[in-house]
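Please look over the structure shown below before reading on.

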Amino acid sequence: IQGFLDEGIEIVSVGIMPYIYPVTELEFKLNTALDQKIYDVCVRTLRLCMNMHYEDTPWREQALYVLDSRNQMLCGYYAFGEEEYPKANLELIAKGTRPDGFLELTYPSVDGPAIPFFSVMYPVEVYEYIKHTGDKSILETTMPTMLRIMNNFKEKIEDNNLIRQFDAPYWNFYEWSDGSHDAIPGQHNYEFKDCYHLILNCAFVYSGRMFKELCDMASVEFDCDFESIKKAINDEFFDETDGNFILRTDDRSFKSQLGNSFALLIGLGDERTIKAIKEDKNLLETSLSMLIYKYDALLAANPNDKDFILNEIRELYGYMLNEGATTFWETMLGEADFGGAGSLCHGWSALPAYYLTKFEGK
């Protein structure tokens with residue numbers, strides 16, 4: 001900030017007075033000092049990423065993204081017991097439906113590079129809101145948007161029962177990991193790669209199951225043969241030689257923890273898949289933003305498998321704390337990522353608040 005002062009004026013001090021969205025922090029006592037510190041910093045991160053709506057970061061975009069907000073909502077149900085704020089955000093997202101029936105990149109905005117993966121996961125957020133609050137009235141404002149999204153995806157199912165990746169103006173983004181974040185349409189390095197993506201097809205099945213329950217609640221008709229899609233996913237992406245799933249069909253060398261986690265979440269894979277997610281160093285690691293799918297997949301396979309998740313949380317988040325973090329970062333590279341533009345306070349990275357309270361809260 002640059003200021004011009006008249007002669008004779010002296011600056012005594014310069015500071016920042018924070019204004020934080022007024023929520024009540026629920027008290028949780030955890031078993032170890034490290035777990036408590038991780039939880040407390042997660043809550044601070046969440047609070048700093050709440051303004052007129054959820055923000056990905058208070059520093060850079062200050063924007064509401066669908067998948068960022070899913071992480072923030074889940075943590076907030078446990079950390080704050082908040083219901084009004086997530087409902088307002090979900091309804092704001094529904095108002096941002098594009099003319100093509102998909103969701104905008106951020107809210108409020110128009111004509112951004114829409115992310116199909118984020119759109120198809122929107123019903124998951126609504127389902128979880130009802131699960132945690134019991135408030136089905138949200139279906140009145142969100143069902144038309146969800147129905148358009150899911151019908152859009154259904155219409156794109158091809159004869160092989162798979163959905164092809166989307167061409168411009170859509171951005172085929174899943175996470176900040178090799179093979180999962182193709183260039184944004186309009187950028188100089190954008191190139192449409194005609195192929196199928198594992199995560200997109202799995203996400204449609206994963207979200208579709210919850211959406212069908214929402215349709216039953218709202219007495220809305222929606223039918224889709226998800227079992228045929230599951231079979232097609234297994235036929236196209238499963239590598240029988242190692243029990244893992246490839247990430248995309250244009251380069252079958254890509255295999256990731258996130259892709260294999262989504263396969264597990266819809267009931268595919270076997271014991272080798274589970275073991276690989278935990279131990280195979282050749283799988284691309286899951287980024288902070290998407291750890292929820294990795295952990296939920298492992299818990300779906302073994303509900304008692306908590307130690308692995310807790311130990312990994314302590315390793316990843318303990319590292320950031322040891323580096324002096326007072327809020328949690330966008331990625332494990334911190335400010336060094338994205339050409340020095342990495343966020344050091346990112347709401348999607350507060351996920352330990354959700355798992356710590358589920359596993360250890362008293």
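At what angle do the axes of helix 3 and helix 6 cross, and within what distance do they come?

## Basis of the report

This is a predicted model, in which local features need pLDDT of at least 70 and side-chain atom pairs count only at pLDDT 80 or more, while totals for chains, interfaces and linings use all residues. Residues are numbered from 1 along each chain as its sequence is written, and side-chain values use heavy atoms, with hydrogens and water left out.

## Two helix pairs

Two packed helices are described by the angle between their axes and the distance between the axes. The axes of helix 3 (residues 84–95) and helix 6 come within 9 Å and cross at roughly 40°; helices here are DSSP runs of H or I with at least four residues, numbered from the N terminus, and axes are lines fitted to C-alpha atoms over the stretch in contact, with angles running from 0 to 180 degrees between N-to-C directions. Helix 3 and helix 6 are therefore oblique to each other, a class left for angles that are not under 35 degrees (roughly parallel), over 145 (roughly antiparallel) or 65 to 115 (roughly perpendicular). Their crossing is left-handed, meaning that the near helix is turned anticlockwise from the far one by less than a right angle. Leu90, Glu91 and Ala94 of helix 3 meet Thr141, Thr142 and Thr145 of helix 6, where contact means heavy atoms within 4.5 Å. By class, this contact has two nonpolar, three polar and one charged residues; Ala, Val, Leu, Ile, Met, Phe, Trp, Tyr, Cys and Pro count as nonpolar, Asp, Glu, Lys and Arg as charged, and the others, Gly among them, as polar.

Helix 12 (residues 307–322) packs with helix 14 (residues 352–360) at an angle of about 140°, their axes being 11 Å apart, and these two helices are therefore oblique to each other. The crossing of helix 12 and helix 14 is also described as left-handed. On the helix 12 side the contact involves Ile309, Leu310, Ile313, Arg314 and Tyr317, which meet Pro352, Tyr355, Leu356, Phe359 and Glu360 in helix 14. The residues of this contact divide into eight nonpolar, no polar and two charged.

## Pocket and cavity

The largest pocket holds about 650 Å³ of space. On a 1 Å grid over the protein atoms alone, a pocket is an open set of points with protein on both sides within 12 Å along at least five of seven lines, a cavity is a set where a 1.4 Å probe fits but cannot get out, and lining residues have an atom within 4 Å of a point. Grid points are joined across faces, edges and corners, and a volume is the space filled by probe spheres set on the points. Of the 26 residues lining the largest pocket, Gln257, Glu285, Thr286, Leu316 and Met332 lie nearest its centre. Helix 12 gives the largest share of this lining, five residues, and the lining as a whole divides into eleven nonpolar, six polar and nine charged residues.

The largest cavity has a volume of about 30 Å³, and its lining includes Val66, Leu103, Ile115 and Phe118.

## Backbone and loops

Cis peptide bonds join Tyr107 to Pro108, with omega about -10°, and Ala168 to Pro169, with omega about 15°. Pro108 is found in the loop between helix 3 and helix 4 (116–120), whereas Pro169 is placed in the loop between helix 6 and helix 7. Asp178 lies in the loop between helix 6 (139–155) and helix 7 (198–218).
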